[in-house]
Amino acid sequence: MAHSLRNTASARPSSSLGDTVLQYGPVTRLLHWSMALLFAWQFLGMGLRLALGRTPLVGFFVGTHASVGSLLMALAVLRALWGLANLKRRPPHGEGLVALAARLGHLGLYGLMLIVPVLALLRAYGSGRGVAVFGLPVLPGAPEKVQWMIDAGNAAHGLLAWTLLAMVAGHVAMVVVHRHVWKDDVLHRMAGRRTATAQ
Ligand code: HEM
Ligand code: HEM
């Protein structure tokens, strides 16, 4: 798919930091892979909490959860803005049902990347606790309890977070399918050497 793209003019990024129709640029890649690591941290911590209960190791992960989650939310906002700015010169998904599924899948990932931390922050505000990010008070608590914010967070934060994990598993599975079944690798768009023009 990507290999058949031979549009050398639009393959050149307008800046070396931006995306091209062949590959994602360094900013997109940095955001994608650093956020993937931070998500792995969040899910590992919460998975261990479910599996082991309250142990010192779990306590360590739980202690960083709100800070890392808030950082992820800020990065997701930056990433969405960067994605919009680069929308016209990103690697295309082509036409048809698979392309539509890829587009909707990425959109769904963005939606969950934003709503999952927003629900937790809403709950932290509504409960009056507020949030400190790596020790820095960033969000104050509400002066009085706001029950609907607490209820929304309790009902949906964990549930949607696990849904996000399931979608990420599907996302990674599709990367493998592209590479090994359909033989139209998409991984090179997000990883490996970048080329300035089409091969
Ligand atoms: C995108 C970032 C985040 C991800 C992926 C994430 C993921 C998760 C997961 C998987 C759970 C376990 C749910 C369960 O026990 O079944 C959880 C729980 C929790 N998270 Fe997050 N979280 C994120 C951001 C945040 C933020 C920013 C805060 C605080 C401001 C927060 C506070 C909590 C709390 C208090 C719990 C325990 C109560 C509950 O299950 O809802 N999380 N989170
Ligand atoms: C080992 C883990 C991962 C691998 C191998 C992987 C691989 C890829 C690849 C190859 C692409 C380019 C696909 C294309 O252009 O059609 C991509 C794009 C994307 N990935 Fe991942 N990914 C991983 C983890 C994640 C995680 C954890 C998230 C979010 C929670 C995520 C969200 C996205 C999104 C939204 C895109 C669209 C481009 C963008 O706006 O950044 N990925 N990924």
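Reply: Let's start with a term: a polar contact is a pair of N or O atoms within 3.5 Å. This is a predicted model, with local features needing pLDDT of at least 70 and side-chain atom pairs pLDDT 80 or more, while totals for chains, interfaces and linings use all residues; side-chain values use heavy atoms, without hydrogens or water. Residues are numbered from 1 along each chain as its sequence is written, and chains are lettered from A and ligands numbered from 1 in the order written.

So, ligand 1. Its iron atom is held by two histidines, H65 and H157, each coordinating through NE2 at 2.0 Å. (A donor is an N, O or S atom within 2.8 Å of the metal, or 3.2 Å for Na, K and Ca.) The six donor atoms around that iron subtend angles of 87 to 179°, so the arrangement is octahedral; that label takes six donors, with opposite ones over 155 degrees apart and all others between 65 and 115. The two histidines come from distant parts of the chain, 92 residues apart: H65 belongs to helix 3 (residues 56-85) and H157 to helix 5 (residues 147-181). Helices here are DSSP runs (H or I) of at least four residues, numbered from the N terminus. Both H65 and H157 are buried, meaning under 20% relative accessible area with a 1.4 Å probe, protein chains only.

Now step out from the iron. There are 20 residues around ligand 1, and R49, H65, R123, H157 and W162 come nearest; to be counted, a residue needs a heavy atom within 4 Å. R49 puts a polar side-chain atom 2.7 Å from an oxygen atom of ligand 1. R123 has a polar side-chain atom 2.8 Å from a ligand 1 oxygen, and W162 also places one at 2.8 Å from an oxygen of ligand 1. As for where the shell comes from, helices 2, 3, 4 and 5 each give at least two residues to it.

A quick look at ligand 2 for context. The shell around ligand 2 takes at least two residues each from helix 2 (26-52), helix 4 (97-126), helix 5 and helix 6 (187-190). Among the residues that come nearest to ligand 2 are Y24, R90 and Y110. The side chain of Y24 has an N or O atom 2.7 Å from an oxygen of ligand 2, the one for R90 is at 2.9 Å, and a polar side-chain atom of Y110 sits 2.4 Å from a ligand 2 oxygen.

Terms used:
Four donors count as tetrahedral if all angles lie between 85 and 135 degrees; four count as square planar and six as octahedral if opposite donors are over 155 degrees apart and all others between 65 and 115; anything else is irregular. Buried means under 20% relative accessible area, exposed over 50%, partly exposed in between (1.4 Å probe, protein chains only). A polar contact is a pair of N or O atoms within 3.5 Å; within protein, one must be able to donate a hydrogen and the other to accept it, and residues adjacent in sequence count only if both atoms are side-chain atoms.
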